Structure formats: structure tokens, C-alpha cells
Amino acid sequence: MRRLALLALLALAAASSAGAAPNPPLLGIKGDPGRFQTLTGQDSQLRHAIIGWGQGQVWGSKFGDLFQLLGNVPMIGLATGGRDAKEAITPQQIALGQGDAYLLALNAAVNAFGQEIYIRPFGEMNGYWNSYCAYTKTGILKPGHQTSWFRKAFARVYLIVHGGSAATIDAKLHTLGLPSLAGSDDLPENRFPTTRVVWNPQGYGAPNVPGNSAQAYYPGDTYVDVVGDDLYDQGGNAAWGAADALYKAHPGKPFSFPEWGLWGIDDPAFVKKMRDFVVSHRRTEMLAYFESAPGSIFDLGSKPKSLAAYKRLITPLGVG
């Protein structure tokens, strides 16, 4: 047994010296995984969808219908805009418990699903184009959207999604200065690592003012399972330095790219840099390409050089 253990350690060391990740990262896609597999050969373990507040009913009466549609490992992005103005909600309202009914339904559905799942609340929160960003494009602070409210809203989402004793959840909410759960019953418990809540800014704030930095929105290690960064190649430019800084700022957390892609250009060098980042940043556990829709500006089907690079460099990452 000792000899087998030693051989296993030596094999792991050899893989590390060769630059291979010790655990294959999850590879995912937003859009049609079948079409993306035809293009790239990638067997996407993860499938990404973004829904507005209150939109669990779009795919049926329950979140579970959506989870089943998305396959083995769903990643659910939550936004604060709804199907109409009546369903829209602010970070302040979420923090104060006005969205608890929706979050309680999400908790129950995650528990019923019983498989690995990523919940991605309010991605790219430091981008002005998102309604939950604290700032307008011109740098004006929006009432009810301050980063202090965002942090508390995110913590509330985290606590309800993961569930557990109502008394324990309420005690944690009270520590944050927030009201108790809308209901007094205990919640199904959805533990990490099966259920992962992703905190996912973009590397630089837009607008890039001090109050709109990624860290200004960080709710604390207690309320984050996985750190994410959305990274796009726009005009041959990608914020690799910001991605590296975000990775280093949270050394105790797994890292991910819930969205990454080529913004209307064919740039195989960007694909190679992504592969190099994943191999050298060994806490990177997931990357999901955006997206596979035909005719999209991100579609690899219209980018032959990048597609070839993806098939050669990214697809093999998923199998170790």
C-alpha cells in the first residue's frame, strides 16, 4: 500500500512539473452543447443560463425544470431585472428580505435536484450595464444599489441557497444587521462543494472608479464558494492582469471563468493564453465559453483560427 501511495505521489508530481492540472477543470457553454461539441469536440459538463428575478417559471412551474434542461452541472446566473417592472428588485430589497420567497424556492429546487450545481448571483456586478451595479455609466451612485447593500444581498442569497437551521441562518443575518427569514421553518441544506455559489465580478470596474472595484462588492470569504472572472478579448485586448490579481486576492478560494470568449474577432493567441492561465493557476476549476449561438459575435464557427486553437488547447483540458 505504501508503495502504491508513493507511486501516486510521484505521478502527481510528474504531472505538476509538466504543467498539467491535477484535476481537470469543468468545461462549459452557454447555448447549445450539442452544436458546440460538433464544432470543438468538447463534451460540456456544465451548461450556463442567466435568468431575471422571478423567472423560474419560464421553463415550467419549478426551477427544477430548468435544472433538468441544463443537464449534468447547471450554472444559474441570477439577475435583479424581471419579466416586467413589477418583478424587478434592488440589492437593498433583497438584503432586507423582500426577495426571500424566490430564494426559498431556489433553495428547495437545488435540494431536490441533488446534483452538482453552480449558483451565480449578479455576475459582473461592477459593470454599469447591469441594473444591480452601484454606479451609472458616468459614475453616479444609484440609491438602493450601494456596494454595502450589494454585499449584504449577496450574503443573504448565499445563506438561503445553502440552507440549514432557520435559527442559525437568522443569527447570521442579524450579525449583518438584516431581518430574519420570511419563514421560520428550517431549510434543506445544500452544502459546498455540491452546491457552489460564485461571486463573479469583472476584473476592472466600468466605470473604473475606486468605489466600483471588484473588491468593493466582496461579501467576505464566509459567503463565497468560488471566485469568478468574466474575460473577453475585445479588439485584441483582454484584462489578463486583472484576472491574475483577482486570483491572487483570494488564495483560499477556487477560481473560475463563468464567461469567456472572443468579441467578434478571430484571435487564437487569446485561446492559448486561456489555456496557459488554467494550467499555471491551479485553483481554476471551471471555464464556460460564451456562447454557441450560430451567428453570435462570440460564435467559434465564424473564427476558424480560434476554433482550431480551442480544439487543440481547451478541449483536452476537460479530460486531464
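The protein exposes about 13,900 Å², and carbon and sulfur atoms supply 56% of that area. The model is a predicted one. Ten helices and nine strands are present. Of the 320 residues, 51% are buried. Among contacts with a separation of 6 or more, 75% are between residues 24 or more positions apart.

The structure contains eleven salt bridges. One of them pairs arginine 35 with aspartate 299, with the closest N and O atoms 3.0 Å apart. This pair links distant parts of the chain, 264 residues apart. Arginine 35 belongs to helix H2, while aspartate 299 sits in the loop between strand S9 (284-290) and helix H10 (304-313). Arginine 35 is partly exposed, at 23% relative accessible area. Aspartate 299 is buried, at 4%.

The side chain of glutamate 285 meets that of arginine 196 at 2.7 Å, N to O. Glutamate 285 is buried at 17% relative accessibility, and arginine 196 is buried at 12%.

A further salt bridge joins aspartate 276 and lysine 272, at 2.8 Å between the closest N and O atoms. Both residues lie in helix H9 (residues 268-280); they are separated by about one helical turn because they are four residues apart. Aspartate 276 is partly exposed at 29%, as is lysine 272 at 44%. Elsewhere, salt bridges with shared partners connect Glu116, Arg196 and Glu285 in one network.

Serine 44 occupies the loop between helix H2 (33-40) and strand S2 (46-51). Serine 44 is buried, at 15% relative accessible area. Its side chain makes a polar contact of 2.8 Å with the side chain of glutamine 42.

How values were computed. Residues are numbered from 1 along each chain as its sequence is written. This is a predicted model: local features need pLDDT of at least 70, side-chain atom pairs count only at pLDDT 80 or more; totals for chains, interfaces and linings use all residues. Side-chain values use heavy atoms; hydrogens and water are left out. Helices (H or I, at least four residues) and strands (E, at least two) are DSSP runs, numbered from the N terminus. Buried means under 20% relative accessible area, exposed over 50%, partly exposed in between (1.4 Å probe, protein chains only). Contact means heavy atoms within 4.5 Å. Accessible areas come from the Shrake-Rupley method with a 1.4 Å probe; for residues, only the protein chains shown count as cover. A polar contact is a pair of N or O atoms within 3.5 Å; within protein, one must be able to donate a hydrogen and the other to accept it, and residues adjacent in sequence count only if both atoms are side-chain atoms. A salt bridge is a side-chain nitrogen of Lys or Arg within 4 Å of a carboxyl oxygen of Asp or Glu.
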